[in-house]
There are 2 protein chains.
Amino acid sequence: MIPATGSQFPNIKNVPRYVFGSGSRHSLGAMVDARRAASGKPAAVFLIDEFFSADGDLPKALGVKDGDAVRYVDVAEEPTTEAVDALLEDLRAAGITEPAAIVGVGGGTTLDTAKAVANLFTNPGRAENYQGWDLVKNPGVYKIGVPTISGTGAESSRTCVMTNHRTGLKLGMNSDYTIYDQLILDPDLSSTVSRNQYFYTGMDAYIHCVESLAGRYRNPIGDAFSGTVLNLCREVFFGDDMMSQSGREHLMVASYLGGCALATSFVGLVHPLSAGLSVVLGLHHGVANCITLNALPEFYPEAHAEFRKFIDKQGVSIPERVCADLPEEKLVEMFEAATLHEKPLTNALGPEFRQTLTRERVVGIYRRM
Amino acid sequence: MIPATGSQFPNIKNVPRYVFGSGSRHSLGAMVDARRAASGKPAAVFLIDEFFSADGDLPKALGVKDGDAVRYVDVAEEPTTEAVDALLEDLRAAGITEPAAIVGVGGGTTLDTAKAVANLFTNPGRAENYQGWDLVKNPGVYKIGVPTISGTGAESSRTCVMTNHRTGLKLGMNSDYTIYDQLILDPDLSSTVSRNQYFYTGMDAYIHCVESLAGRYRNPIGDAFSGTVLNLCREVFFGDDMMSQSGREHLMVASYLGGCALATSFVGLVHPLSAGLSVVLGLHHGVANCITLNALPEFYPEAHAEFRKFIDKQGVSIPERVCADLPEEKLVEMFEAATLHEKPLTNALGPEFRQTLTRERVVGIYRRM
């Protein structure tokens with residue numbers, strides 16, 4: 001009900017509620033039931049990362065009841081506007097028109113898909129109509145986020161990133177209505193992730209905060225969140241085992257606070273260039289960010305050096321030569337997809353960012369990836 | 001609508017929205033007007049620290065309109081249950097029965113008074129009926145907090161501390177309904193505070209976090225907030241001028257995040273002993289905390305040493321010998337008021353805290369203050 005107060009003083013919306021701790025996932029069923037009772041609507045929607053589809057006991061453990069819709073989200077590709085539209089259509093065809101709650105259980109792809117679907121249940125049209133800033137007009141369906149991997153900040157951010165293959169745009173529904181109503185932050189859920197994926201995704205939180213702190217839209221509260229996240233990431237990635245119980249706890253906190261940091265600021269150069277890789281090559285966000293940071297020592301020298309130390313310490317590997325043999329036209333396509341992202345590039349380099357990021361220079365950077 | 005999930009995994013409620021920045025106080029009028037429009041109720045209540053009562057232009061600048069109630073809160077004494085009840089009665093007698101919003105502009109006393117009054121407009125009975133945990137049954141009136149001094153965390157905490165002279169209890173309405181709906185965090189507002197008061201109040205944030213980190217109910221997310229707050233306090237209190245623009249910004253962030261830390265944990269020894277000083281001698285919270293920490297090197301040696309360095313660096317002074325000449329019975333009264341606080345003392349020392357905090361030992365500690 002409170003309007004945003006203009007760009008000078010954005011009225012930052014927090015995730016209203018969160019539960020944190022090993023085992024806290026068992027709170028979910030009661031929360032969904034409370035929403036069924038409060039809304040008078042019996043059916044809930046559970047969108048679960050397909051990684052968990054083999055676990056036949058999981059739906060019951062999560063509180064799924066007869067009449068609920070359970071869909072396993074294909075995470076081979078990150079969210080597309082087309083896939084979000086198709087999922088909504090599928091749910092409506094199954095008779096789910098006004099769910100009591102939408103529950104997202106998974107990584108960034110699943111969490112973002114749940115956010116987009118929740119908005120589209122209550123706003124007319126297609127996903128691509130809402131790619132941008134503050135285009136969502138009605139509150140979405142009540143949604144509960146349960147991350148199973150840490151780093152993206154999808155659990156606390158006001159966006160849900162989707163690739164639109166028609167327009168070549170990788171952009172989310174940036175809206176206060178996109179923010180989860182409730183989070184369950186249970187570090188046990190990230191124990192079965194592969195080491196490389198865990199690292200790539202965790203680095204997303206680190207990179208967000210490096211970009212925020214190097215940007216032109218800094219502010220003391222965003223800086224405090226970002227500094228905390230970087231320290232947590234250092235603790236995790238310089239630790240003997242980044243996936244220990246303590247490592248997974250700290251990375252889950254870093255991911256949540258990274259989303260809080262982003263709410264008050266913008267990303268910088270890494271995310272737009274990474275989006276170019278994702279749009280053209282279909283690379284996932286976490287690994288695309290790591291490939292990009294790996295090629296940007298000239299822009300982020302300290303973060304690049306620390307990132308290389310993390311890699312050595314944890315014995316993970318970053319794909320190399322992913323662009324080396326691509327034809328020039330593909331690299332130009334990436335340049336174009338990257339430079340669509342004016343807000344973060346302005347944050348990084350100022351409004352004249354195109355003077356620095358010439359086509360030739362960006363193509364050269366991609367060539368080195 | 002979502003129930004708390006039991007003490008093992010408390011369902012932490014965040015302040016839903018905040019605006020941060022120098023000049024952001026000018027957002028207030030539009031926010032109150034939006035609440036008037038949304039609620040269909042024309043009148044708002046502005047509770048303002050009496051420190052600002054000489055500024056005749058302030059009410060208009062804050063967005064006060066004809067028909068609103070403006071009350072300057074006497075901060076000579078910290079909130080009492082009696083004063084809160086009297087203020088509510090006064091507002092009702094002035095015809096304010098269902099305000100569109102309650103705005104608190106001031107330090108911890110004013111912010112806590114606004115929280116208590118907002119709850120009592122919609123919950124029957126007297127303030128003392130709600131001293132405790134989760135006793136408030138109905139959502140309070142929508143409330144906006146505008147801190148003018150930093151440290152207490154009243155802006156983001158779920159309590160509003162009140163002294164009950166009838167029972168000797170200094171305890172708040174600990175409730176999710178006590179949390180502000182909207183904050184305006186404008187560091188310009190703390191520029192006119194006296195240096196000693198600025199320090200005493202700022203140390204409240206530091207002490208909260210020292211107590212949380214030394215306690216038995218630690219958790220990774222509370223620890224992350226607490227660590228951030230301690231670093232911000234070090235930046236401010238080891239800085240050349242703790243009241244520079246940057247110092248006031250950072251301390252305002254520390255105060256907000258200190259409240260977030262407390263939401264996931266408990267205070268320790270300082271706050272209960274400090275409450276004894278406040279109940280018996282009427283000392284204000286910030287200075288009473290500093291006097292207490294000053295007498296507790298045996299329990300918090302590192303924090304005590306750092307606190308002494310802050311004092312030297314900033315050239316502030318802590319009252320001494322406030323208890324030295326008191327009769328024994330007054331010190332016993334303080335011991336009794338302090339040891340009512342079982343939750344924080346259990347956090348600090350475990351359920352057998354009375355074995356450590358014998359009457360003789362506590363009286364001895366008070367004697368040294």
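**Strands, helices, core and cavities**

Visitor: B:Phe20 stands opposite B:Leu185 in β10(B). Over how many bridges do β2(B) and β10 of chain B pair?

Guide: First, the model is predicted: local features need pLDDT of at least 70, side-chain atom pairs count only at pLDDT 80 or more, and totals for chains, interfaces and linings use all residues. Residues are numbered from 1 along each chain as its sequence is written, chains are lettered from A and ligands numbered from 1 in the order in which they are written, and side-chain values use heavy atoms, leaving out hydrogens and water. Strands (E, at least two residues) and helices (H or I, at least four) are DSSP runs numbered from the N terminus, and strands pair if DSSP finds at least two bridges between them. β2(B) and β10 (residues 182–185) of chain B pair in the parallel sense, and the number of bridges is four.

Visitor: Which residues on the two faces of β2 of chain B are buried?

Guide: In a regular strand the side chains alternate between the two faces of the sheet. Buried means under 20% relative accessible area, exposed over 50%, and partly exposed in between (1.4 Å probe, protein chains only). Both faces of β2 (residues 17–20) of chain B are covered: one side has B:Arg17 and B:Val19, the other B:Tyr18 and B:Phe20.

Visitor: Which strands are the edges of the seven-stranded sheet?

Guide: The sheet is open, with mixed pairing and the order β4(A)-β3(A)-β5(A)-β7(A)-β10(A)-β2(A)-β1(B). An edge strand here pairs on one side only. The edges are β4 (69–73) of chain A and β1 (12–13) of chain B.

Visitor: At what angle does helix α4 of chain A run to β5(A)?

Guide: Axes are lines fitted to C-alpha atoms, for helices over the stretch in contact (heavy atoms within 4.5 Å). Angles run from 0 to 180 degrees between N-to-C directions. Helix α4 (residues 108–122) lies across β3, β4, β5 (101–106) and β7 (143–147) of chain A. The angle to β5(A) is about 165°.

Visitor: Which residue in the hairpin of β8(A) and β9(A) takes a positive phi?

Guide: Strands β8 (residues 161–164) and β9 (residues 169–174) of chain A pair in the antiparallel sense over four bridges. A:Asn164 has A:Leu169 as its bridge partner. The hairpin has four residues between the strands, and the one with phi near 75° is A:Gly168.

Visitor: Which residues touch the most other members of the largest nonpolar core?

Guide: A nonpolar core is a set of buried Ala, Val, Leu, Ile, Met, Phe, Trp, Tyr and Cys residues joined through side-chain atoms within 4.5 Å. The largest one has 208 residues. Beyond four places in sequence, the contacts of B:Phe199 include B:Phe237, B:Met242 and B:Ile318. The two with the most core neighbours are A:Phe199 and B:Phe199.

Visitor: Is B:Met252 buried or exposed?

Guide: B:Met252 is found in helix α7 (residues 245–263) of chain B. Leaving aside neighbours within four places, B:Met252 is in contact with B:Phe20, B:Pro147 and B:Leu185, among others. With a relative accessible area of 0%, B:Met252 is buried.

Visitor: What is the volume of the largest cavity?

Guide: On a 1 Å grid over the protein atoms alone, a cavity is a set of points where a 1.4 Å probe fits but cannot get out; a pocket is an open set with protein on both sides within 12 Å along at least five of seven lines, and lining residues have an atom within 4 Å of a point. Points are joined across faces, edges and corners, and a volume is the space filled by probe spheres set on them. Four cavities reach 30 Å³ or more. The largest, with A:Glu77 and A:His165 among its lining residues, has a volume of about 80 Å³.

Visitor: Which helices each supply at least two residues of the lining of the second largest pocket?

Guide: This pocket has a volume of about 420 Å³. Its lining has 20 residues, and among those nearest its centre are A:Asn231 and B:Asn231. The helices are α6 (220–237) of chain A and α6 (220–237) of chain B.
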